[in-house]
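Biologist: Could you walk me through reading helix packing and nonpolar cores in a model like this one?

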Amino acid sequence: MEHIKINLTQPLEWLGNKIRLLDQTELPAKEVYLDIKDYRDIVDAIRTMKIRGAPAIGVVGAYGIALGVQQIKVKGKASFLKELSTVIEAIAGSRPTARNLFWAVERMDRIAHSGKSVADIKRLLIDEAVRIHTEEVAATRELSKNGARLIKDGMTILTHCNTGPLAAPGYGTALGVIIYADQQGKKIKVYADETRPLLQGARLTVWELKKVGIPVTLITDSMAGSFMRLGKIDCVIVGADRIAANGDTANKIGTYSLAVLAKEHGIPFYIAAPTSTIDHSLESGADIPIEHRKSEEVTRIKGVRIAPAGIKVMNPAFDITPAKYITAIVTEKGIIRKLRVI
Ligand code: MRU
């Protein structure tokens, strides 16, 4: 099987009794690693986006539960499961939009209930978290390989937010596709949107692409439409936080505008995500919960105020792109076009 051979910086590492996270709020200025043992610190790391990106928070959420139960001291199974539900609720309450977090939490909850004793459950939960991590790494590798079939030699690709290994352990999602295609020897160029308000494109995507040597040009979010009109973009590829059963997709705020612009300019618009992002229980995007974050993320950049004090702010972290704007969804199982796997 064809594999890419480059070293990709990973966002997290399981060390047996603790988890090591690369603090993404410090990038690109500093590479700061945090060793975490307490599940409440995992909740905080997800909420404050020290770790972020849908697949990454699913994996770290699973490890958070595995760590959380090690702190439970009760011996009886019934009271243990009650305390487990407190840990699960805290992890599940950290961020609302990414399906991957709830997918991982549900897997952890199911496995816990299959355990015979407290010691058995504690061991099962660690094994399941490691399995989730391993499976997600494999899924991002496969989806990157599948998606690379859509990328032709010489293409210029526009991407939004950050979807590299930092956001999806292993290879990444949209950025994984780009990295995989580059490794196949295709000469690719990338435009990366800065992605206001938290600048995941400027801080993280550009950092990851520069590290692997893929030519990238940083643009502000408002430049994308003009660049499409000028014929500078051959396709758009982004990730997803939750995909409803009809294909409607929640992703970083600004994705919807790119999809509409791409349609107007006849440019293919691709979503890349592992199947852990798909929520079959939701009929359409209208049912996807959208996270609203604090106003300071808009009124300040890296702590520096850029708007007058007390100004009214809206800060939805995600938007919904209706399926009609999506050319194809790339997963580890194949490429879905009009909900038909090819
Ligand atoms: O708020 P973030 O930085 O967690 O948002 C991340 C995104 O929107 C990504 O595009 C999405 O999680 C897919 S990532 C692999």
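This is a predicted model: local features need pLDDT of at least 70, side-chain atom pairs count only at pLDDT 80 or more; totals for chains, interfaces and linings use all residues.

Biologist: Fine by me. At what angle do the axes of α1 and α2 cross?

Modeller: Roughly 160°, with the axes of α1 (residues 39-47) and α2 (residues 54-70) coming within 8 Å. Angles over 145 degrees count as roughly antiparallel, so α1 is roughly antiparallel to α2. The crossing of α1 past α2 is left-handed.

Biologist: Which residues make the contact?

Modeller: On the α1 side, look for Y39, I42 and I46; α2 brings I57, V60, G61, G64, L67 and G68. Sorted by type, the residues of this contact are six nonpolar, three polar and no charged.

Biologist: Now the cores. What's the general idea there?

Modeller: In soluble globular proteins, nonpolar side chains tend to be buried together. Here, the largest nonpolar core has 43 residues, and I19, V60 and I65 have the most contacts inside it.

Biologist: Which elements supply at least two residues each?

Modeller: Strands β1 (12-14) and β2 (19-22) do, along with helices α1, α2, α3 (77-92), α4 (99-113) and α5 (118-148). The largest share is from α2, with 11 residues.

Biologist: And what does I19 touch, leaving out residues up to four places away in sequence?

Modeller: Its partners include L12, W14, L34, I36, V60 and L67, and among them are also the acidic E13 and D35. I42 and Y63 complete the list.

Biologist: How many residues are in the second, separate core?

Modeller: That one has 27, including I179, A181, V190 and V212.

Notes. Residues are numbered from 1 along each chain as its sequence is written. Side-chain values use heavy atoms; hydrogens and water are left out. Axes are lines fitted to C-alpha atoms, for helices over the stretch in contact, and angles run from 0 to 180 degrees between N-to-C directions. Helices (H or I, at least four residues) and strands (E, at least two) are DSSP runs, numbered from the N terminus. Angles under 35 degrees count as roughly parallel, over 145 as roughly antiparallel, 65 to 115 as roughly perpendicular and the rest as oblique. A crossing is left-handed if the near helix is turned anticlockwise from the far one by less than a right angle, and right-handed if clockwise. Contact means heavy atoms within 4.5 Å. Ala, Val, Leu, Ile, Met, Phe, Trp, Tyr, Cys and Pro count as nonpolar, Asp, Glu, Lys and Arg as charged, and the others, Gly among them, as polar. A nonpolar core is a set of buried Ala, Val, Leu, Ile, Met, Phe, Trp, Tyr and Cys residues joined through side-chain atoms within 4.5 Å. Buried means under 20% relative accessible area, exposed over 50%, partly exposed in between (1.4 Å probe, protein chains only).
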